[in-house]
Amino acid sequence: MPYLQVHRQDREGTVVLSLVGELDISSSPDLERALTQAEGDAPATVVLDLSGLTFMDSSGLRAVLEADQRARADGRRLAVVPGPPAVRRVFTVTLLDRRLDLIETADDAG
Amino acid sequence: MTGLLDVDLVLPYSPQAAGDARAALGVLSGRVRPELLENLRLLVSELVTNAVRHSGLGTGWVRLEVRLSNDRIRVRVTDPGDCFEPGRAAPSIYQTSGWGLFLVEQISDRWGVRCGEETEVWFELDHRRSKKPVGN
């Protein structure tokens, strides 16, 4: 059983990718594929909703940071719903919550 | 580590090794505080991932040893890959990689690297509440 599922939802100009499961070295390529596909459709905003994750380590963090870097370069917004405490704390311990555009729910992307 | 180990596992070199190592920690559930188990899962995942990423080419392996004692949890992750000098400084927030060992530095109570025939990275988590504030 794959331990990460990526669900995509398209709204006007926004692609929401909702992640369910565990995000690590083995599953981050699945996220990267979904991101590449979403970014190819040139949305104004990509939302990464991590609220369904039960685990994320620095391999997942790296995928999120690379998506953020591409978004900045391309003039796109990347908003991140940082998920449950076990996931959110990876952003806070690294102080990357200050760099990333964190929102409370996917609906807050506007 | 001498005496009985609570977890002693040798995993083949593959991306699945990190998830398998985390799953093996399930035996400690109920024996350590949930927050501590969460920290343990994260740091074990980081060290096993590092071993897999840096273990070199071909068939490698990574060994995970965990030992519970009255005051702490001691973890040792060993692989046949090249040794390294641990950097303890925070990466720049504009770096996308290099965060794994920074998490180990921030969350563990102590850690280190031992170079020999094999590369060993170890860390300890104390059962008492960490002196370091860890996120929220």
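Student: In chain A, what share of the contacts between residues at least 6 apart in sequence join residues at least 24 apart?

Tutor: That's 67%, where a contact means that two C-beta atoms, placed from the backbone, lie within 7 Å. Keep in mind that this is a predicted model: local features need pLDDT of at least 70, side-chain atom pairs count only at pLDDT 80 or more, and totals for chains, interfaces and linings use all residues. Residues are numbered from 1 along each chain as its sequence is written, with chains lettered from A and ligands numbered from 1 in the order in which they are written.

Student: What makes a residue count as buried?

Tutor: It needs 20 or more other C-beta atoms within 10 Å of its own C-beta, placed from the backbone. In chain A, 45% of the 110 residues count as buried.

Student: And what is the largest nonpolar core?

Tutor: A core is a set of buried Ala, Val, Leu, Ile, Met, Phe, Trp, Tyr and Cys residues joined through C-beta atoms within 7 Å. The largest has 61 residues, and Leu17(A), Leu48(A) and Leu43(B) are among those with the most contacts inside it. Beyond its neighbours within four places in sequence, Leu48(A) is in contact with residues including Leu17(A) and Val64(A).

Definitions and conventions:
A residue is buried if 20 or more other C-beta atoms lie within 10 Å of its own, exposed if 12 or fewer, and partly exposed in between; C-beta atoms are placed from the backbone.
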